[in-house]
Amino acid sequence: MATTLARIARKSLTTSTAFSLKRHFGTEAVAAAIASTKSITPSADRVKWDYRGQRKIIPLGQWLPKIAVDAYVAPNVVLAGQVTVYDGASVWNGAVLRGDLNKITVGFCSNVQERCVLHAAWNSPTGLPAETSIERYVTIGAYSLLRSCTIEPECIIGQHSILMEGSLVETHSILEAGSVVPPGRRIPTGELWAGNPAKFVRTLTHEETLEIPKLAVAINDLSKTYFTEFLPYSTVYLEVEKLKNKLGINV
Amino acid sequence: MRVKSKILSTTLIISCVLVSRHRTLMNIFDKAPVVDKDAFVAPGASVIGDVLVGRGSSIWYGCVLRGDVNSISVGSGTNIQDNSLVHVAKSNLSGKVLPTIIGDNVTIGHSAVVHGCTVEDEAFVGMGATLLDGVVVEKHAMVAAGALVKQNTRIPTGEVWGGNPARFLRKLTDEEIAFIAQSATNYSNLAQVHAAENAKPFDEIEFEKVLRKKFANKDEEYDSMLGVVRELPPELILPSNVLPDEHKAK
C-alpha cells in the first residue's frame with residue numbers, strides 16, 4: 001500500500017512541480033521592497049518557505065554522501081559532497097558535514113555530536129591528506145569544529161573544541177572541552193590536552209584509556225533508540241497531499 | 001519531518017500538519033530580509049528580520065542571521081560559513097548600539113558568533129571565533145580560530161588577533177592578505193554549486209540518482225580496452241572553478 005501511495009504521490013508531484021506550491025505559500029510583498037542600498041536586486045522567486053525543509057544528503061556532481069544502514073544520522077544534519085558515515089556511527093542534530101572540497105569519513109561506532117561542523121580543506125599545511133577522517137570509536141563532543149584533521153581510533157574530542165587544518169589526534173588521547181588545536185599540531189598517544197591553544201595536561205591512566213571505546217559504544221546504544229524513531233523515508237509527501245486537498249490546490 | 005505516525009486516519013485534520021515549518025527568510029515585526037538573487041542562502045539557514053544580503057554572498061547551512069532588534073547588512077561576495085550566528089544588540093552596557101555591518105568579500109568561518117560588530121571588507125574571521133558587541137575588524141585583519149574578542153575591541157588592519165581574550169598575535173603577510181580575497185572568491189564559486197544543488201526539484205534529484213548509479217562503476221581503462229567512450233553526463237560534472245588552485249591551502 002505504501003508503494004502505491006508513493007507512486008501516486010510521485011506522479012502528482014511531477015505534474016504539480018514544486019513551484020506552484022512555493023508560490024502559494026512563499027511569496028509576500030517583500031520582493032517589492034527596495035533594491036536601493038548597495039543595489040541589491042532581490043528576486044521575486046526567492047523561496048521564503050519550502051515545505052521540504054533542508055535536504056539531508058546533498059550530492060555534488062558525482063559525489064554522493066553514503067550512510068551505512070545502521071548509522072543514525074539525525075534529520076537536522078546536512079551531509080554534502082564526499083561524506084561516508086560508516087556502520088554504527090551516529091551524527092547528531094544540527095551537524096554539518098561538508099565534504100565539498102575533500103573527503104570526510106566517520107568511522108565505525110564513532111559519533112559526531114550535536115551542532116558540529118566538519119569540513120575539509122583542499123590541501124593541508126602538513127603532508128597529511130587534507131581529508132577529515134575520523135576513525136573508529138571516536139567521540140566528537142558537541143559544537144566542535146573539525147577542519148581537515150585526522151583523528152585516530154579511540155579518542156575523545158571534548159565539546160566546543162576546534163581542530164584546525166592538518167592536526168592529528170593519535171589513539172587513546174582526550175581533548176578537553178573548549179580546546180583549540182592549532183594547524184598541524186599532533187596530539188600524541190594516551191595524553192590529555194586542553195586549552196586555547198591546546199597544551200599538554202597529563203598522560204592518561206590505563207583505566208581511562210579503556211573507558212574511551214566504552215563511551216563510544218554507549219553513545220552508539222543511545223543512537224539505536226533514536227534510530228528506531230524514524231522511518232527510512234520521509235512521509236512528508238502524505239502531509240503535502242493532505243494540505244493540497246484541504247486548501248483545494250489543484251495538482 | 002520523519003515521524004512514525006501511528007494514526008494515519010483522515011479524521012486528523014491539518015492542525016497536525018507535519019511539514020517543515022522552517023522558513024529560510026522570515027519576516028519579523030515589520031522588517032523583512034532583502035536578499036540578492038545571486039546570493040546563496042542554505043535552506044536550513046535562518047535569515048530573519050532586517051537583513052540585507054548583497055550579491056554573490058553565501059549564507060551556509062545552519063546559520064542564523066537574526067536582524068530582529070537592529071539591522072544586519074552583509075556585503076557582496078561575503079561568505080558566512082556553516083552554523084554561524086550573526087545577531088545585533090538592542091542595548092548593551094556601554095549604551096551605544098550599532099547595527100551589524102559586514103563588508104564585501106569577508107570570510108566568516110564556521111560557527112562564528114558575530115554580535116553587533118562591524119567587519120570591514122576583506123577581513124577574515126576564523127572559525128569558532130566569538131566577536132562581542134562593538135568590535136570593529138578592520139580591512140585585511142584576521143581573527144584567529146577560537147578567539148574571543150571582547151567588547152569594543154578594534155582589530156587594526158593587517159594584524160592577526162587570537163586567543164581568549166583576544167590579543168595581538170602577529171602581522172599578516174601580503175600573501176595571506178591576498179589569500180583572504182582569493183578564499184572569498186573560491187567560496188563564492190562553491191556557493192553557486194551548492195545553490196544549484198539545493199534548488200533542484202524532485203525530478204532532477206531522482207534523475208541524478210539514477211545517473212549516478214549508472215556511472216558509478218565507470219572505469220576509463222576498461223572502457224578504452226573495449227574501445228568505448230563513456231562520457232560523464234553534464235549533470236554529474238562539477239564546474240572547474242569550484243576547486244581552488246593546487247598550491248594554495250584553503
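Me: Which strands of chain A do the buried residues of H2(A) pack against?
Reply: The buried residues of H2(A) pack against strands E3 (72-73), E5 (90-91), E7 (111-112), E10 (139-140), E13 (156-157) and E16 (174-175) of chain A. Please keep in mind from the start that this is a predicted model.

Me: Which residues of H2(A) are buried, and how far does the helix reach from its first C-alpha to its last?
Reply: The buried residues are Thr209(A), Ile212(A), Pro213(A), Ala216(A), Ile219(A), Asn220(A) and Ser223(A). The helix itself covers residues 206-227 and reaches 33 Å from its first C-alpha to its last, which is close to the 32 Å expected at 1.5 Å a residue.

Me: How should I read the side chains of a strand, and which way do those of E19(A) point?
Reply: The general idea is that in a regular strand the side chains alternate between the two faces of the sheet. In strand E19 (residues 191-194) of chain A, Glu191(A) and Trp193(A) point one way while Leu192(A) and Ala194(A) point the other way, and all are buried.

Me: Which strands pair with E19(A), and is each pairing parallel or antiparallel?
Reply: E16(A) pairs with E19(A) in the parallel sense over 2 bridges, and within this pairing Leu192(A) is the bridge partner of Ile174(A). Strand E20 (residues 199-203) runs antiparallel to E19(A) and is joined to it by 4 bridges, with Ala194(A) standing opposite Lys199(A). E19(A) and E20(A) form a hairpin with 4 residues between them, and Gly195(A) in the turn has a positive phi of about 100°.

Me: How many aromatic pairs are there over all chains?
Reply: A pair of aromatic rings is described by the distance of the centres and the angle of the planes. The count comes to 10 aromatic pairs over all chains. One of them is formed by Tyr72(A) and Trp92(A), an edge-to-face pair with 5.3 Å from centre to centre and 70° between the planes. Tyr72(A) lies in strand E3 and Trp92(A) in the loop between E5 and strand E6 (96-106) of chain A, so the pair ties together parts that are 20 residues apart in sequence. Tyr72(A) is buried at 2% relative accessibility, and Trp92(A) is buried at 4%.

Me: What makes the pair of Phe40(B) and Tyr61(B) edge-to-face or stacked?
Reply: Their ring centres are 6.2 Å apart and their planes stand at 75°, so the pair is edge-to-face, given that planes over 60 degrees apart count as such. Phe40(B) lies in strand E3 (residues 40-41) and Tyr61(B) in the loop between E5 and strand E6 (64-74) of chain B, so this pair ties together parts that are 21 residues apart in sequence. Phe40(B) is buried at 3% relative accessibility, and Tyr61(B) is buried at 0%.

Me: Is Ser58(B) buried or exposed, and which residues is it in contact with?
Reply: Ser58(B), in strand E5 (residues 58-59) of chain B, is buried, with a relative accessible area of 1%. Leaving aside neighbours within four places in sequence, Ser58(B) has contacts that include Phe40(B), Tyr187(B) and Ala191(B).

Me: Where in chain B does the pLDDT lie below 50?
Reply: Where pLDDT is low, the predicted coordinates should not be read in detail. Chain B averages a pLDDT of 80, and 86% of the residues score at least 70. Over residues 1-15 of chain B, however, the pLDDT is below 50, and over residues 245-250 of chain B it stays under 50.

Terms used. Residues are numbered from 1 along each chain as its sequence is written. Chains are lettered from A and ligands numbered from 1 in the order in which they are written. Side-chain values use heavy atoms; hydrogens and water are left out. The expected span of a helix is 1.5 Å times one less than its number of residues. Buried means under 20% relative accessible area, exposed over 50%, partly exposed in between (1.4 Å probe, protein chains only). Contact means heavy atoms within 4.5 Å. pLDDT is the predictor's confidence in each residue, from 0 to 100. Two strands pair if DSSP finds at least two bridges between them. Rings of Phe, Tyr and Trp (its six-membered ring) pair if their centres lie within 6.5 Å; planes under 30 degrees apart count as stacked, over 60 as edge-to-face and the rest as tilted.
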